[in-house]
Each structure stands twice: as structure tokens, then as C-alpha cells.
Amino acid sequence: VQLQASGGGLVQVGGSLKLSCAASGRTNRRYAVGWFRQISGKEREFVVGISWSGDTTHYADSVKGRFTVSRDTVSRHNAWNTVYLQMNSLKPEDTAIYFCAAKATIFSDNGVFTGRNQYSYWGQGTLVTVSS
């Protein structure tokens with residue numbers, strides 16, 4: 001599966017952005033999705049994860065209460081759906097390249113994954129810049 005993250009841009013402190021993660025290719029499987037971010041010279045860090053069904057989410061403490069992840073309703077024939085990251089009350093420290101990642105899973109595994117190495121598929125990222 002190929003992932004495409006979009007929606008990044010320049011925003012002022014306190015502003016909002018909504019990122020999207022769309023998939024193409026082998027989308028007829030169930031995927032848990034995670035959002036990660038990376039600042040130049042630093043390791044890629046976990047931001048939020050969502051289970052394949054959307055029922056379960058987990059946020060990094062740094063974004064809890066400000067960011068919200070969601071995904072479109074899973075359809076029977078196309079398990080992939082677009083995943084969104086609504087980012088509110090943005091801070092300068094949120095400036096980073098944001099990546100979405102996917103992990104193929106099965107119906108009975110409706111968990112959230114927080115480790116970079118747990119994800120097999122990555123998009124190329126979208127830049128978010130928060131100016132003060």
C-alpha cells in the first residue's frame with residue numbers, strides 16, 4: 001500500500017490544520033494507522049495511533065487534548081479509508097514533518113501501535129510550520 005500525507009502548511013501559534021492520509025494500492029486489507037513527526041536532527045516520534053476500526057486511539061502526552069485523529073467508516077469491500085489528524089492550538093514545538101504510517105492487521109487485532117518499527121508502510125510526509 002502507498003500512503004500520501006497532505007494538509008501541511010504554515011500556521012500561526014494557536015491556529016489549526018487538518019492533515020489527511022490517503023492510501024492507494026492494496027487497500028483491501030485492514031490497517032492500523034499512526035502519525036509520527038520528525039524535526040531535523042531528531043528521531044521520528046510517535047504522535048497518535050488509531051486502530052483499523054477507529055474504535056481505539058492513543059495520543060502522545062504532548063498533543064493530548066489538542067490533536068484529534070479520526071478515520072472514515074470502514075467499508076466491507078475496501079478496508080482502507082482516509083485517516084485525518086485535526087491539529088488545534090498549535091505551538092511552535094509542533095513544527096515538524098508529519099508522516100502517516102500503516103500496519104496491516106487482522107479483524108481480531110483492533111489495537112493501536114506506537115512504535116516506529118511496528119509500521120511497514122510510510123508516506124513521504126507533509127511539513128507543518130507553526131510561526132510565532
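Leaving aside neighbours within four places in sequence, R71 is in contact (heavy atoms within 4.5 Å) with Y31, A32, V33, I50, S51, W52, S53, G54, W80, N81, T82 and V83. The model you are looking at is predicted, so local features need pLDDT of at least 70 and side-chain atom pairs count only at pLDDT 80 or more, while totals for chains, interfaces and linings use all residues. Residues are numbered from 1 along each chain as its sequence is written, and side-chain values use heavy atoms, with hydrogens and water left out.

- You will find R71 in strand 7, residues 67-71; strands (E, at least two residues) and helices (H or I, at least four) are DSSP runs, numbered from the N terminus.
- R71 is buried but has no salt bridge; buried means under 20% relative accessible area, exposed means over 50%, and partly exposed lies in between (1.4 Å probe, protein chains only).
- How far away is the nearest side chain of opposite charge to R71? That side chain belongs to D72, and the distance is 8.3 Å; here Lys and Arg count as positive and Asp and Glu as negative, while His and the chain ends are not counted.
- The side chain of R71 does reach backbone oxygens: that of S51 at 2.7 Å, and that of Y31, which lies 2.9 Å from a polar atom of the R71 side chain.
- For reference, a polar contact is a pair of N or O atoms within 3.5 Å; within protein, one must be able to donate a hydrogen and the other to accept it, and residues adjacent in sequence count only if both atoms are side-chain atoms.

**Salt bridges**

- How many salt bridges does a search of the whole structure find? There are 5, each being a side-chain nitrogen of Lys or Arg within 4 Å of a carboxyl oxygen of Asp or Glu.
- One of them pairs R37 with E45, with the closest N and O atoms 2.6 Å apart.
- R37 counts as buried because its relative accessibility is 5%, whereas E45 counts as partly exposed because its value is 36%.
- Another salt bridge joins R116 and E43, where the closest N and O atoms are 3.8 Å apart.
- This pair links distant parts of the chain, 73 residues apart: R116 sits in the loop between strand 9 (96-105) and strand 10 (121-122), and E43 in the loop between strand 4 (30-38) and strand 5 (45-50).
- R116 is partly exposed, at 35% relative accessible area, and E43 is exposed, at 62%.
- R66 and D94 form a salt bridge too, with the closest N and O atoms 2.7 Å apart.
- R66 lies in the loop between strand 6 (57-59) and strand 7, and D94 in the loop between strand 8 (83-87) and strand 9, so the pair ties together parts 28 residues apart in sequence.
- Both R66 and D94 are buried.
- R37, E45, R66 and D94 are linked in a network of salt bridges.

**The disulfide**

- A search of the whole structure finds 1 disulfide, defined as a pair of cysteine sulfur atoms within 2.5 Å.
- C21 and C100 are the partners, 2.1 Å from S to S.
- C21 lies in strand 3 (residues 17-24) and C100 in strand 9, so the pair ties together parts 79 residues apart in sequence.
- The link of C21 and C100 is right-handed, with 75 degrees about the S-S bond.
- C21 and C100 are buried.

**A backbone detail**

- Most residues other than glycine have a negative phi.
- S89 has a positive phi of about 50 degrees although it is not a glycine.
- S89 is found in the loop between strand 8 and strand 9 and is partly exposed, at 42% relative accessible area.
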